[in-house]
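Have a look, and then we'll go question by question.

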Amino acid sequence: MSQTGNILVIGAGIAGMKASLMLAGASNKVYLVEKLPIIGGKVIKNEESFPNLECSTCMVAPIQQDVLQNPNIETLTYSVVEKIEGSSGDFSVVIRKRARYISLTDCIGCGMCYEPCPVSLKNEWEENLIDKKAIYVPCSGSLPNVPVIDSEHCLRLGGGEDCSLCAEACAFEAINLEDTDEILEVNVKAVILATGSATYDLSSIPDLGYGTLPGVYSPMEFERLFASNGPTLGEITLRGSDKVPESAAVIHCVGRRELKYCSAVCCMYSFKFARFLNHKIPSVRVFNIHSDICVPGKSYQSFYRNIEGADTGMLYTSSIADVSVSENGSELKVSYPDAAGSLQDLNVDMVILAAAVIPDPEVTVIAEVAGVDLDQQGFIRTVADGSGSMETSRKGVFVAGTAEGPKDIQSSVVQAESAAGQVMDIVTSQAAGS
Amino acid sequence: MKEFEMQKSEQDKKLRAKVGVYICECGPNIAGKVDLDRILADISQLDDYQDVELVVRKYGFLCSAPGKDFLEEEIKTNGFTHLVIGACSPRDHDSTFMGVCKKTDLNPYLYRIVNIREHCSWVIDEMEKATEKAESYIRGGIARVLRQSELFEKPLDINPDVLVIGGGIAGIEAALSLSGDDRRVFLVEKTDKLGGSALGLSGIFPRQGEVVGKKIESVMQNGNIRLFLNTRVDNVIGFLGNFEIELVSGENAEITDIMTGAIVVATGSDLFDPRESDNCSYSESDEVYTSLSIEKMFKAENGVKLRSGKMPSSVALIHCIGREEKNYCSGICCSCMMKLACSLRSQSSDIQVTEFYRDICLPKKEDQERFTEAEAAGVSLIRIKDISVKGTEVSFQRINGEKCEESFDMVILAPALEPSADTEYFANLLTVPLDEFGFFQEVHRMTNPVGTSTDGVFVVGTAHGPKGVSDSMQFARASAGQILTRLIPGEKLIPEVAVTEILEAYCTGCGNCLEVCVYGAIYSDDGRGISVVNEAVCRGCGNCFGSCPSGALRTKHFTNTQLYREVDEALR
Amino acid sequence: MEESAEFTPAIVGFLCNWCTYAAADLAGSSKLELPPSFTVIRVMCSSRIDHNLLLSTFFKGADGILVAGCHPGDCHYGEGNYYARRRFALLKQVMATLDLDPDRLQLSWVSAAEGKRYAEVVNEFAEKIKELGPNPIKNSTRF
């Protein structure tokens, strides 16, 4: 029997792509299922990644291309896994390929269809900082560079109106407004869950002003504001105006107390933001309001030391829970208890909240479909028990990346590689067994 | 000689060259902005090349399924010797058209894609100018393709076996994950027992001790793992798939030669010596200990005691020893110290435990409870700005600036992890660079953290950088993942094709290229006095090319002749 | 004066495959306007570009040469762009001795995400070369 098999990988972020490429390289057939219309995951939202401020696109785009061009990987974008039955070595999987309305083979990504679309919507991928049409790609440079129709908001598909402006604008007959969901049933020997994570719901802490004060930003909003392919083409301006912030505060550990764990990456991205601000706005004043600094591993502290003092003032607070943000004229007032516990005020134009990493909001659905347990924090639990195994509570189902818990890119890749190795064990031992 | 013959055969080929030039309309994306009919006419009449027959066509979508079939048929019926595609970016469809070539007799390296969409039709507004530009690019493509050579994949036989250096927890985990009926693992440990520094952990981490014990047992029982204790690795040559290694064992220096396809380096780390820090001074007789020695004491004595045999009534735990000197946070000490603090409190509630820390670093989601546990156990946690230790006298500055001094019965220091003493030896042996901290440098921090610049050599555990037991094991498994997916028993490896070669006649053996190659793909052939490229290792970046003073290097598929033809047409 | 107004410089851009070539693609798909006088030649890494290739390109008549690759630290091959940078510094000195304004050669770092910046760099460079006028050593027999 051949030492290869079909593998299901859910989630086409860095962990899912990496695992898929490795397994495909070993001649396995990989079904890579991604719920978004594009692959790349969270990393491609960050223009530069810490600690070397490396260009994420330069790092990830070749990986995305490899995935899309690999003959052993069937990339199913805009798709969800609905059922995983059976057992290790022999799972039967049901995948729903949601109607995209645009042919992946016929569309060449020219973008002529966006302009005529009369619908205007918020672009969630861009953190709602910009609008999109009902036919859209999330950002320029999307891979695959093929749009999708938001059927709920499309005048025709959602509203029953007689509009086919996009299809008329398409010179390639790539748009099929009659497209329907497709169900794909496949058999696989093993499953890797690389479904990623989300960030803490900032509006649940009203004192910090997120959602009510326009100058308060989530970390992902700020990443997109900095990105040269983002909503402002990389100009850091305050929400709803052209004003360039003269000062900014990054508040650390938002959600840590509530969640009772440290997300391990927030300190680093907070320092990165300070560098970003200084890089784009040389006269800016930046403050990091922090408690414990968590910069583990060999290459993080030197980044912090380079930034501390140079790019940002470091303001220690004895209690993040008592930090609040309020309006003060045209500025924002940040109040925080200092080392001695006395309340200090800081006036800034912009506030960025370093939100904790939390499980993907759909993790319970994923866990139910995959039949795996979650841990105390709501991430997918491994049964490692003192070893480095990525196996979940269900045999033959593995987890990798931030679906397992908060972590940086390096650790996500390490887990993806570990999981790929364990999948190989199943594939080869089954071959030997039969 | 060889070079001359090669050129001659290429000239022969050019005499009979028949070049297919196919231009993709890409719907209106190219056809709407570029006057393709004019280009077709101009290129067909091109008289730059005697004895070259040009077939020039356009097509709606060459990348579509019918487009690819059309192209395949055209190559076959026309018997093209070369092919130029005027279309989009090679990043989109180079592999598509190479795939079409592979279905025919046309060597895929005798084809060239020319990007007249991203470089012309999409960025030049005036049709006249866009057309001229596209024509110039296509002429460049024809000129270049005629200078391209056939290149062939050279599959290599591989050895699936693996050498694991270091019998600590990372090495053990790697060996266990890798061994199988068709893959042997040689596990080499320099001391007389397995377990490494994890052995010392069992004092306050009994569960981890148990895990290590079980894993050692599994190694002993595993028929596919060959264990070499008291052994050092003396000589290594080779590359991914084929390494030759000499092991030297025991007092009698018994030599074993082995061959493997990969090497996993799990040589571990040492503890920073606190006395190297300006802030710590103490003598052997002082009641000052490191975290590791306390763990050993715990294991032996089931608790701590002073040299007098008495139990201490006050213990200071001091974090971050060596953090500033080393300029990194080891990431595991906070968790260990808090666990230790709780263990001390459960040994006896009469022991007053004070922890001095700068930042609490608990990056693992499950570790956060250590902090709550320590607080609940009545450990006094003091955040400091600065601290110094003289014997058991501790002077410190609190975060609010207040300066204090306190004396303790016992002081326990948490020193940073630092590269182990033999890291440099292995770096030289395996030609793997070290990073600024003296740990092994990974090939890419994020996308390939266990790989090294010597492909086939992987670094795991604390040899890569400070990390805890579970991360060490995860790195070990990651290396196993790479090896299991790349070195498959019975399968061959296909190295990069468009690599660099060195022409013996021109090479002076100066060794410049050897110095600049980050992959270690070039070695010196002292017998012939020249440098030689190992094509199995070369990745074809061409960095060596710029370093060669005698023009002996040739970057296949990106030769100067090829690039000059593109330049000529660009400047026509 | 009138002559330089009509002067259309011939510019060659050697772009690294991984970063700047990708940025050029992004500029293309964003339909950013680029000067028709600019010709792209793709190489795998900016470190592949040697002095001979650049000088020959000048002798063959290029009015300007742009070499662009990944930002320092981002090289797909580890550190190729650092070597490119060093070799460049050297060549700029050589250029001065050839009566060739060193500004005719530019090394820029443009990442794969910087499509807009790519267009800016290319357009600014084209403007600069326009101001510098025609290459004085074009087809020169002096060398």
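Q: What makes up the count of helices and strands in chain B?
A: In this predicted model, chain B has 18 helices and 28 strands. A run of DSSP letters counts as a helix from at least four residues and as a strand from at least two.

Q: What makes a residue of chain B count as buried, and what percentage do?
A: The cut-off is 20 or more other C-beta atoms within 10 Å of the residue's own. In chain B, 51% of the 572 residues count as buried.

Q: Which helix of chain A gives the most to the side that touches chain B?
A: The contact takes 54 residues from chain A and 51 residues from chain B. Helix 9 of chain A gives the most to that side of chain A, with twelve residues.

Q: How do the residues on that side of chain A divide into nonpolar, polar and charged?
A: There are 28 nonpolar, 21 polar and five charged residues on the side of chain A that touches chain B.

Q: And what about chain C, how many residues does the contact take from each chain?
A: Here the contact takes 16 residues from chain A and 17 residues from chain C. Helix 2 of chain A gives the most to the side of chain A that touches chain C, with four residues.

Technical notes. Residues are numbered from 1 along each chain as its sequence is written. Chains are lettered from A and ligands numbered from 1 in the order in which they are written. This is a predicted model: local features need pLDDT of at least 70, side-chain atom pairs count only at pLDDT 80 or more; totals for chains, interfaces and linings use all residues. Two residues are in contact if their C-beta atoms, placed from the backbone, lie within 7 Å. Ala, Val, Leu, Ile, Met, Phe, Trp, Tyr, Cys and Pro count as nonpolar, Asp, Glu, Lys and Arg as charged, and the others, Gly among them, as polar. A residue is buried if 20 or more other C-beta atoms lie within 10 Å of its own, exposed if 12 or fewer, and partly exposed in between; C-beta atoms are placed from the backbone.
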